[in-house]
Amino acid sequence: MNIRFLETVIWLSELRNFRITAARMNMTPAAISNRIGAIEQELGFRLFERDARDVSLTAEGEVFVEGARDIVLRYHNLVESVSPKNSVEGQLKLGIVPSLAMTILPDVLDILRQRYPKIRISITTDSSKVLTQQLEQRELDIVFAIRPETAATLRSVNICTFGMFWISRTPDVLISPEDLFSREDLLNYPIISYERGAHNHQQIINYFSEDRIKDATVHYSNSLTTTINMISAGVGISVLPPVVIQKELRQGELKVLNTNTMFPATNYSAMYLEASATRLITLVATIAREAGRNLCNQYSDNLAYQEIAP
């Protein structure tokens, strides 16, 4: 029995499926089964009950897994304390929302390339909701996204907070920069919302109230690039972080509307499962915070800032 064997027990206890566990550990289901069988033979008792659909821990297995987590965590902490940083290697499955992919991701990858050249990364870009679900299903190792309100099993490290502003195509809104838009003024234009169920979709509803927005013309987009293109095409106005549309703002294609009611800022975090934390995952979370700080230093606090506490 060794650390990899203990990790196998932990992963199988969480995923409850030999095939999914095998895919997560880059092994075959037969190899996972053989490894579990070897552990159970050595221990002299069963860790798992098996049926046609999944596996579940026995009472002895529950106790064993709790102790195995402690051993594995202590092992990784020991390795981290004595190993040189340039020895870090492995493959990481990273999920990231589009707004961070367009801003901090290049810096994250550059830091990783310089400090930890042996790390290989597989990147998935999607909404915060989808990425968090994939993280909880162990399909991803770490995600850079909006932290859900209920996430007891997740550890998180603050990356940055982006100011959110109403954006219009420049020719479409003919008012002087000194004028202010009220929420009623904004509703005179078609609204391009985030997809239903997204954090900022709910923020838009809260901003106007359900009663006010129900009669408005509302379009929906689950793609940041598509939303930007829709604004540029004159389809409507939307709320975006200006840090992701710097090119369009400089070229005069899009403009920020002055409003008398600020839209709530959006906070982004690096998140990973507490039970699955490894040295590699925690290093990448720290690098994401560093990249977030580098980005925020380029802007005023109303556009981008980083909380002092991690």
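1. Asp 70 is partly exposed at 37% relative accessibility, a class that lies between buried (under 20% relative accessible area) and exposed (over 50%), as computed with a 1.4 Å probe on protein chains only. Its side chain meets that of Arg 74 in a salt bridge at 2.9 Å, N to O, where a salt bridge is a side-chain nitrogen of Lys or Arg within 4 Å of a carboxyl oxygen of Asp or Glu. Because Asp 70 and Arg 74 are four residues apart in helix 4, about one helical turn separates them; Arg 74 itself is exposed, with a relative accessible area of 57%.

2. The model is a predicted one, in which local features need pLDDT of at least 70 and side-chain atom pairs count only at pLDDT 80 or more, whereas totals for chains, interfaces and linings use all residues. Residues are numbered from 1 along each chain as its sequence is written, and side-chain values use heavy atoms, with hydrogens and water left out.

3. Arg 69 and Glu 14 form a salt bridge through their side chains, at 2.8 Å from N to O. Since Arg 69 belongs to helix 4 (residues 59–82) and Glu 14 to helix 1 (residues 3–15), this pair ties together parts that are 55 residues apart in sequence. Arg 69 is partly exposed at 30% relative accessibility, while Glu 14 is buried at 16%. A network of salt bridges links Glu 14, Arg 69 and Arg 138.

4. Another salt bridge joins Arg 113 and Asp 110, with their closest N and O atoms 2.4 Å apart. These two residues are three apart in helix 6 (residues 105–115), and so are separated by about one helical turn. Arg 113 is exposed, with a relative accessible area of 55%, and Asp 110 is partly exposed at 28%. The count of salt bridges comes to nine.

5. Turning to the aromatic residues, the count of aromatic pairs is seven, where rings of Phe, Tyr and Trp (its six-membered ring) pair if their centres lie within 6.5 Å, and planes under 30 degrees apart count as stacked, over 60 as edge-to-face and the rest as tilted. Trp 166 and Phe 208 form a tilted pair, 5.5 Å centre to centre and with 55° between the planes. As Trp 166 lies in strand 6 (residues 154–169) and Phe 208 in helix 9 (residues 199–208), the pair ties together parts that are 42 residues apart in sequence. Trp 166 is buried, with a relative accessible area of 1%, and Phe 208 is likewise buried at 1%. Ring pairs link Trp 166, Tyr 207, Phe 208 and Phe 263 into a cluster.

6. Tyr 207 also has Arg 183 over its face, at 5.6 Å from the ring centre; a charge sits over a ring if NZ of Lys or CZ of Arg is within 6 Å of the ring centre and within 35 degrees of the ring normal. The charged end of Arg 196 sits over the ring of Tyr 220, at 3.8 Å from its centre.

7. Strand 6 also holds Thr 161, which is buried at 3% relative accessibility. The side chain of Thr 161 makes a polar contact with that of Asn 267 at 2.8 Å. Neighbours within four places in sequence left aside, Thr 161 is in contact (heavy atoms within 4.5 Å) with residues including Ala 265, Asn 267, Leu 303 and Tyr 305. A polar contact is a pair of N or O atoms within 3.5 Å; within protein, one must be able to donate a hydrogen and the other to accept it, and residues adjacent in sequence count only if both atoms are side-chain atoms.
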